[in-house]
Amino acid sequence: MEQSFIPQKIEIFKESGQVTWQTPSNIALVKYWGKREPQLPENTSISFTLSNCCTTTTLQYKKRENKQDGFDFDVIFEGKKNEAFKPKIETFFKRIEVYVPFLKDYYFTIESSNSFPHSSGIASSASGMSAIAMCLMSLEKELTPDLTEEFFYQKASFLARLGSGSACRSVKGEMVVWGEHPEIKGSSDLYGVEFLDEVAPVFKNYQDTILLVDKGEKQVSSTVGHGLMHGHPFATQRFAQAQENISSIKNIFTTGEIDAFITLVESEALTLHAMMMTSQPYFILMKPNTLEVINKVWKYRKDTDSKLCFTLDAGANVHLLYPEAEKETVQQFISKELAVFCKNGEFIHDQVGMGAKMLVDKP
Ligand code: PMV
């Protein structure tokens with residue numbers, strides 16, 4: 001199957017050019033935690049694609065005079081040359097070289113910026129890696145113009161996955177499934193697929209406010225975190241549970257059972273953290289304010305008819321999920337009662353979006 005992503009023949013010669021893509025972050029509802037080589041998930045995951053939290057990347061490419069062995073590229077992040085990101089991109093290039101054989105034919109400038117504040121604790125690898133993958137696919141399309149749209153997006157997700165697993169869910173569609181599952185048509189461990197089932201109106205334009213409880217570097221890198229699932233005493237049960245949760249959430253989306261959605265999503269978040277708390281070595285990535293927020297959310301739900309719920313990434317920040325119909329009331333509640341638990345009172349309102357967008361450069 002991977003073989004189909006190796007280009008057969010590249011006939012067109014392109015001296016230089018540039019392309020810009022804007023790609024979003026995503027938030028998993030059923031979490032991916034645990035992987036095997038080469039960046040394949042141990043269980044199926046599903047996410048909402050976000051809209052406002054995104055990375056914009058311009059890839060400039062120029063044919064090299066002498067094709068030397070190594071890759072040749074520079075990274076500019078938020079307007080400044082950045083050496084720190086280069087090793088991660090070098091590793092990414094090595095992993096995808098067989099599928100993108102023209103990588104060494106060009107000198108690249110990769111110029112990126114994020115819509116969210118740097119070091120906000122928001123995972124930027126999903127949006128960052130998918131943006132580079134989209135740009136490379138645009139270049140591949142220049143060189144082999146007869147690529148179908150389906151192949152374009154599938155391979156973009158495939159490449160993004162090799163940069164950062166969850167990045168494969170940041171390419172196309174409002175909800176994306178990654179990992180083979182018998183009940184999701186076309187699902188694959190190799191790339192994300194759009195969740196195309198009928199979705200009840202309550203889940204349309206779902207809102208996500210990200211509370212920045214703790215900013216700064218991640219305490220545990222995701223590579224280390226995924227690694228801790230090897231030999232984890234509860235790994236087998238966890239992976240089986242995630243597969244069952246995919247079946248349940250698929251049903252929930254169709255029927256619109258929002259209470260079941262809340263239970264499933266919060267349980268997934270706490271299970272992710274429970275896995276980290278029970279691995280060797282163990283970690284607590286929640287902060288006291290994470291728990292303050294969770295308790296406030298639970299009380300708010302008890303006191304009102306609200307369907308507000310939370311989910312977590314591998315960190316202390318809280319994603320608050322709620323239906324569009326509650327936008328005004330929940331956002332008031334956040335400003336009044338939850339902003340105090342955020343670093344510098346910062347939070348970001350976001351909602352479900354469509355996926356990557358190509359930006360046309362101004363003449
Ligand atoms: O894509 P990675 O390797 O950074 O892993 C992301 C893992 C979680 O964000 C915790 C869960 C998920 O499915 O996105």
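Is serine 112 buried or exposed, and what is its relative accessibility? At 14% relative accessibility, serine 112 counts as buried, a word that stands for under 20% relative accessible area, with exposed meaning over 50% and partly exposed in between (1.4 Å probe, protein chains only).

The model is predicted: local features need pLDDT of at least 70, side-chain atom pairs count only at pLDDT 80 or more, and totals for chains, interfaces and linings use all residues. Residues are numbered from 1 along each chain as its sequence is written, and side-chain values use heavy atoms, with hydrogens and water left out.

**Stop 1: serine 112**

Select strand S7 (residues 106-114), where serine 112 is found. Helices (H or I, at least four residues) and strands (E, at least two) are DSSP runs, numbered from the N terminus. Next, show the side chains of serine 112 and threonine 57, which are joined by a polar contact of 2.6 Å. A polar contact is a pair of N or O atoms within 3.5 Å; within protein, one must be able to donate a hydrogen and the other to accept it, and residues adjacent in sequence count only if both atoms are side-chain atoms. Neighbours within four places in sequence aside, serine 112 is in contact (heavy atoms within 4.5 Å) with Thr55, Thr56, Thr57, Ile76, Phe77 and Glu78.

**Stop 2: the two domains**

Colour domain 1 (2-197 + 355-359) and domain 2 (203-351) separately; their bounds come from an automatic or database domain assignment. The domain centres, taken over C-alpha atoms, are separated by 25 Å. Domain 1 brings 33 residues to the contact and domain 2 brings 42 residues.

**Stop 3: the nonpolar cores**

A nonpolar core is a set of buried Ala, Val, Leu, Ile, Met, Phe, Trp, Tyr and Cys residues joined through side-chain atoms within 4.5 Å. The largest one has 76 residues, and Phe48, Phe93, Phe108, Phe253 and Phe261 have the most contacts inside it. Helix H2 (residues 125-143) gives the most to this core, namely nine residues. Because domain 1 and domain 2 both give residues to this core, it lies between them. Apart from this core lies another, of 21 residues, including Ala269, Phe333, Ile334 and Cys342.

Now select phenylalanine 261: residues up to four places away in sequence not counted, it touches Leu29, Phe48, Phe203, Tyr206, Ile249, Ile252, Phe253 and Cys309.

**Stop 4: glutamate 140**

Return to helix H2 and select glutamate 140. At 2% relative accessibility, this glutamate counts as buried. Its contacts beyond four places in sequence are with Pro7, Tyr99, Phe102, Leu147, Phe151 and Lys155.

**Stop 5: the ligand**

Which residues come nearest to the ligand? Of the 13 residues around it, these are Tyr32, Ser166, Arg169, Ser222 and His226; a residue is near a molecule if one of its heavy atoms lies within 4 Å of it. Oxygen atoms of the ligand lie 2.9 Å from a backbone N or O atom of tyrosine 32, 2.6 Å from a polar side-chain atom of serine 166 and 2.8 Å from an N or O atom in the side chain of serine 222. The protein buries 92% of the 380 Å² that the ligand exposes when taken alone, with areas from the Shrake-Rupley method (1.4 Å probe).

**Stop 6: histidine 349**

Finally, select histidine 349 in strand S13 (residues 347-351). At 28% relative accessibility, histidine 349 counts as partly exposed. Its side chain makes a polar contact of 2.8 Å with the side chain of threonine 209. The C-alpha atoms of histidine 349 and isoleucine 210 are separated by 6.5 Å, although the two lie 139 residues apart along the chain.
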